[in-house]
Amino acid sequence: MTTTEEAVERVAQEPARRSRVRYRPGKGVLVLPPLLLVLALLIGPLALIWLYSVGLRSNIPGTVTSFTTANWKDFLTGPGNPFRGLFIHSMLITLTVSVLATVAAYPLAYFLSFTARKHRYTLLLLLLAPFFTSYLLRVIAWQIILNDQGVANWAIQELGLQPKGHAISWLIYSNFSVSLVLFYSWIPFVALPIFAVLENMDRRLLEAAEDLGASRFTTFLRVTLPLSLPGVIAGFVFVLIPTTGEFITPLLVGGPDSQLFGNQIQAFFTNSPDWGYGSVLALSLVVVVIALMLVFGRFLSTDLRQTSGGGSR
Amino acid sequence: MSPSQTPFNLNRRSFLTGSLGAAAGAGLLAACGSPSAPSAGASVSRPPISKEPGNLSMLEWGGYEAAGTKAQTAGMTVAGKSYIDRYGANSVTYSYITDDDQALQKATLDRRFDLMHPCHENIPDYVDRGLVQEWDTSLLPSFGDLNPFLMEAGQYKGKQYMIPWDWGYGSLTYRTDHVDPADATGWELAWNPKYSGKIALWSGASTNFEIAALKLGIDPSKMDNLSDSELEQAKQVLIQQKPLNKFYWESEYNQMQPGIKSGTIWIAYSWQDTLVSMKSAKVPVAFMQPSQGRLSWFCGFMLGATTSNYYHAHEYVESFINKAACAQMTNAFAYGTSNTKVTPADITDKALAESLHLGDPHAIATTAHLQSWAPNRPKLLLAWQEIKAS
């Protein structure tokens, strides 16, 4: 019998052998505890929020509950609904920040991976150093930098770019300050996946491109960039998804006109008498985030397959 | 049997089925566990104070706590009467509030508070939601010294649910070195485009609607009971005012007062304690006397419906309402007190005391517009969220 025939024979006998083997817990069992945890802590609360959103539950004691879709209708179809407007405004801010952070993080990751060489991990640590402190403290530090009497305005006035005593007021409590702080906060999270992909890239492909006469720019454009796209997309998603529901940064450095959708949800749950409307907004955001994950997840998995299988094509 | 058919391998269908089942289960649980309003004030037999846990949990405005701010000079450190002298510095745990709506929300969600410090216009909400019980005033030795007008106002359905303690006014505090006094004559100062980006109203929803109502010339007696059309009018003027704000302040000590001190803002809605803070920081400010009148308020202590520290809570309140504690509070914050034994002689800044009528609690009703319960609170709060989202 050939080796192949032996292997086929083994596989054919496998079910019979299995039936005699004592049961051993497999992967299915191992996944059960985290699965139950997810069900209890994610699906359960989402179901609760849905109940609030359709009036089947109320946080106000003694309230008579009944099924209603009035809040949903108002949010989705109400003419000139301000919360819908705020949602669009928030998504624009979020997308702007995500694109800018990704564009800015790429050269950073590229420098770390291709230029910094043996110092790259030291520099990476330096890049991450501020993130060993609390997120809240870092945002508050920006208040000190950006406020009317802050470091930025002081420097601008000392350099003669602005008359003394005339602070640039839009540096804080504005869309600019919210975007800037979000950009700063998330840049390392974008740089990391790009850096990881660049580090694992097969450098022989770059040499091959060079050997075939490609300029450095062409090599970057046709080899490096396409191969690093999974990292770019992962980084982009790392910023986009969390900032969609962000509320701390706008709360601390945003003004009345620069609050995000997350602040509105927070306000509904902490200062409003009824969680119904807040639940509608919260669930809408969850739906959007899931949609974003599905869209970008598809791109991500496709590109990863292409990268790993690139050499064999 | 293929690996995909093993009994312990979850496929998408079984995962979804399980998830939906869990969600439905959670829903059922949720429906069963909806909060209900317990009856308040039911007479029950209570353990003596020595058997109580003694770890008071309190819902309090930032600034009154004894955690290192100047406020610890008020009440709690009065020699021989201080609660923490007797029970230790860790005998009270504070949860902080920044506005009345947030306070009510927190009290509704976490019913473990032994003590709460809301303002009087919220009494019906706290009582009707079953969050509080009535006080046993016989356990408060200083109760007899308290102002009858305020004590009566602290009652609801004939029961003493609130022990009023502090009272004062709400108006615009402005930097006199930046704001022309000729502009600071009425609430319309907050709408003056000349000061765009230098104004900060409070995040308190009902207060802003009261300000808008006064600015619109609506009868002040109706400022907390606006009709739908008046509410819409008030909403529109608040939307107009919104871009002029640098921010809506949430924290008095961490946001609004530092903002005035640094010059980030020149005009802010505030209470009169800001005058004291700015005076000590040598910042020139005035507390506006609007042509339409100031707002006024009084707040007090409410007792948690399910407290296991019934007697401790009474002792705590006594440590705040006795004369010495009230005199300290008035000097620290320039607020009036409910204790009638506090006389002008006890107040350090006589001129300020006189200008704010600190010896006469009736002033909040006769010289200003006392904030009161809003029957249309849900509508008002939704409108406030719409303003913020606009």
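This is a predicted model: local features need pLDDT of at least 70, side-chain atom pairs count only at pLDDT 80 or more; totals for chains, interfaces and linings use all residues.
Me: Where is B:Thr274 found, and what is it in contact with?
Reply: B:Thr274 is found in helix H9 of chain B, which covers residues 273-280. Setting aside neighbours within four places in sequence, its contacts are B:Thr173, B:Glu252, B:Met256, B:Gln257 and B:Ile260.

Me: How many disulfides does a search of the whole structure find, and which residues does a disulfide join?
Reply: Searching over all chains turns up one disulfide. The S to S distance between B:Cys119 and B:Cys299 is 1.8 Å, and the cut-off is 2.5 Å. That's one disulfide, joining B:Cys119 to B:Cys299.

Me: What is the handedness of the disulfide, and how far apart in sequence are the parts it ties together?
Reply: The torsion about the S-S bond of B:Cys119 and B:Cys299 is about 60°, so the disulfide is right-handed. B:Cys119 sits in the loop between strand E3 and helix H4 of chain B, while B:Cys299 is in strand E11 of chain B, so the tied parts are 180 residues apart in sequence.

Me: How many residues of H14(B) are buried, and what covers them?
Reply: Helix H14 of chain B runs over residues 377-389 and has 13 residues. Ten of the 13 are buried, so the helix counts as mostly covered; among them are B:Leu380, B:Ala383, B:Trp384 and B:Ile387. The cover includes helices H4 and H12 of chain A, together with H3, H4, H6 and H7 of chain B.

Me: Which residues does B:Phe209 touch, and how far is its C-alpha from that of B:Ala234?
Reply: B:Phe209 is in helix H6 of chain B and is buried, with a relative accessible area of 0%. Not counting residues up to four places away in sequence, B:Phe209 touches B:Leu226, B:Leu231, B:Ala234, B:Lys235, B:Leu238, B:Leu380, B:Ala383, B:Trp384 and B:Ile387. B:Phe209 and B:Ala234 are 25 residues apart along the chain, and their C-alpha atoms are separated by 6.2 Å.

Key
Residues are numbered from 1 along each chain as its sequence is written. Chains are lettered from A and ligands numbered from 1 in the order in which they are written. Side-chain values use heavy atoms; hydrogens and water are left out. Helices (H or I, at least four residues) and strands (E, at least two) are DSSP runs, numbered from the N terminus. The expected span of a helix is 1.5 Å times one less than its number of residues. Buried means under 20% relative accessible area, exposed over 50%, partly exposed in between (1.4 Å probe, protein chains only). Contact means heavy atoms within 4.5 Å.
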